[in-house]
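Here is a briefing on how the chains of this model pack together.

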Amino acid sequence: MVKEVKILLHHYFYPHQSNNYRAKSLHHSSIVFYIILLFAFQLFFGQVEHLHRGVLGYATDISVENLLSLINEKRKENNLPPLALSAELSEAATKKATDMFVKNYWAHVSPTGTTPWEFISSSGYRYVYAGENLAKDFNTSSEVVSAWMNSPTHRANILKPEYADIGLAVVNGHLNGGETTLVVEHFGSKMAAKDFIKETDEQITYNYQISGTSAQQKIIPLLNSVAWSKTLSLTVTEFLLIVLFLDSLYIWRNRPVRLIGHSLSHIIFLAALLGAMGATGVGVIL
Amino acid sequence: MIKETHFHLFHQLLLIVLLGFVIILFFSFAGNPDMQFKVAIGTSLTYFVWGLSHHALEGDLHPKIVVEYLLIALLAIFVLKGAIYK
């Protein structure tokens, strides 16, 4: 029994007479199998997400409280006063997030030409300075703030001394066919009361139905396609790296003559893919 | 023998430099999945061409080797696609 298992392990993972001196898991047929497996997996989750939107979820741990706390920490580190959470700016941010889901866009200006300033003004916030940062597809509050701080323009917004207030909205919904979490951040500083001129602004009414839910109501996904997809990619790459390493070890010890590609080159290539994967699957900022 | 070692060393170093550049590109396009996927396709093509050139210069380019590099390049595209897209 032990001998059979040993032979089987050798056959699949180590060069041996039974596998023509190359692990069976490195044969062309095996590589075709990994390609089909990855393709089928990606196709399956793509179809499930398209046909049954409720099944796949998007688990995020982003909250207004954490975002506010992290942003104010960054301001404190730069000797700036903290920003106060404004109900009006938060309302404007929520309207903007809802508008993006309803009109299915990802931009500072909507396809119908609505600017962030119109959302801010319509919420009743009279600003002297105002700004907007957007983020989507992130998993945690710290990832969002880190991405903003790594971008010079977003960082400038967070650390702008003129701003006194902040409005935040974290909304889950469907954008461009996929489940996502949108984070909208509106900055502002109010016009002094004496500067107010009584004016009758045109009231902008919003009849949009909120297609998403607040991300603070944490979504528990039945299947998390994002995590599964990346995990499968990592598993296949790491598995091949191990088998190729064993193969290289055999070549180094026995120096056989084989008409195949160089295992060392494949190792370098797959290791680079692992490195590149470190930069994938993160969110997007705007 | 020494000439052969130098040949392999030069080619492996060239591959490492190329792939190092690919990693830099991936990080500079973090948050831009479409650009990362284009880089992934470019990387796979580069590796395929590198593999064929290396074996052609080595004098052992065989259809079996061409298929092997083609499959590894294809596998890389699917591996990276799974990691890139949410």
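The axes of α9(A) and helix α2 (residues 33–58) of chain B cross at roughly 165° and come within 12 Å. That makes α9(A) roughly antiparallel to α2(B), because angles over 145 degrees count as such. The model is a predicted one.

**α9(A) against α2(B)**

- The crossing of these two helices, α9(A) and α2(B), is right-handed.
- From α9(A), the residues that meet α2(B) are A:Ser265, A:His266 and A:Phe269.
- Their partners in α2(B) are B:Thr43, B:Ser44, B:Tyr47 and B:Trp50.
- By class, the contact of α9(A) with α2(B) holds four polar residues, three nonpolar residues and no charged ones.

**α9(A) against α3(B)**

- The crossing of α9(A) and α3(B) is right-handed.
- On the α9(A) side, the contact is made by A:Ser265, A:His266, A:Phe269, A:Leu273 and A:Met277.
- On the α3(B) side, it is made by B:Glu68, B:Tyr69, B:Ile72, B:Ala76, B:Val79, B:Leu80 and B:Ala83.
- The contact of α9(A) with α3(B) counts nine nonpolar, two polar and one charged residues.

**The interface as a whole**

- Chain A gives 41 residues to the contact, and chain B gives 39 residues.
- Together, chain A and chain B bury about 3,500 Å² between them.
- Carbon and sulfur atoms account for 73% of that buried area.
- One salt bridge is counted between chain A and chain B.
- A:Arg22 forms a salt bridge with B:Glu68, with the closest N and O atoms 3.1 Å apart.
- B:Glu68 is also among the α3(B) residues in contact with α9(A).

**Salt bridges**

- Over all chains, the whole structure has six salt bridges.
- A:Arg22 also meets A:Asp247 in a salt bridge, at 3.9 Å from N to O.
- This pair links distant parts of the chain, 225 residues apart.
- A:Arg22 sits in the loop between α1 (2–13) and α2 (28–51) of chain A.
- A:Asp247 lies in helix α8 (residues 225–254) of chain A.

**Packing within chain A**

- Helix α3 (residues 64–77) and helix α6 (residues 141–150) of chain A have axes that come within 9 Å.
- The two axes cross at roughly 35°.
- The crossing of α3(A) and α6(A) is right-handed.
- α3(A) makes this contact through A:Asn66, A:Leu67, A:Leu70, A:Ile71 and A:Lys74.
- α6(A) makes it through A:Ser141, A:Ser142, A:Val144, A:Val145, A:Trp148 and A:Met149.
- Seven nonpolar, three polar and one charged residues make up the contact of α3(A) with α6(A).

Definitions and conventions
Residues numbered from 1 in each chain as written. Chains lettered and ligands numbered in written order. Predicted model: local features only at pLDDT ≥ 70, side-chain atom pairs only at ≥ 80, totals over all residues. Heavy atoms only, no water. Left-handed = near helix turned anticlockwise from the far one by under 90°. Helix = DSSP H or I, 4+ residues; strand = E, 2+ residues; numbered from the N terminus. Contact = heavy atoms within 4.5 Å. Nonpolar A, V, L, I, M, F, W, Y, C, P; charged D, E, K, R; others polar. Buried area = accessible area lost by both parts, 1.4 Å probe. Salt bridge = Lys/Arg side-chain N within 4 Å of Asp/Glu carboxyl O. Axes fitted to C-alpha atoms, helices over the stretch in contact; angles between N-to-C directions. Parallel < 35°, antiparallel > 145°, perpendicular 65-115°, else oblique.
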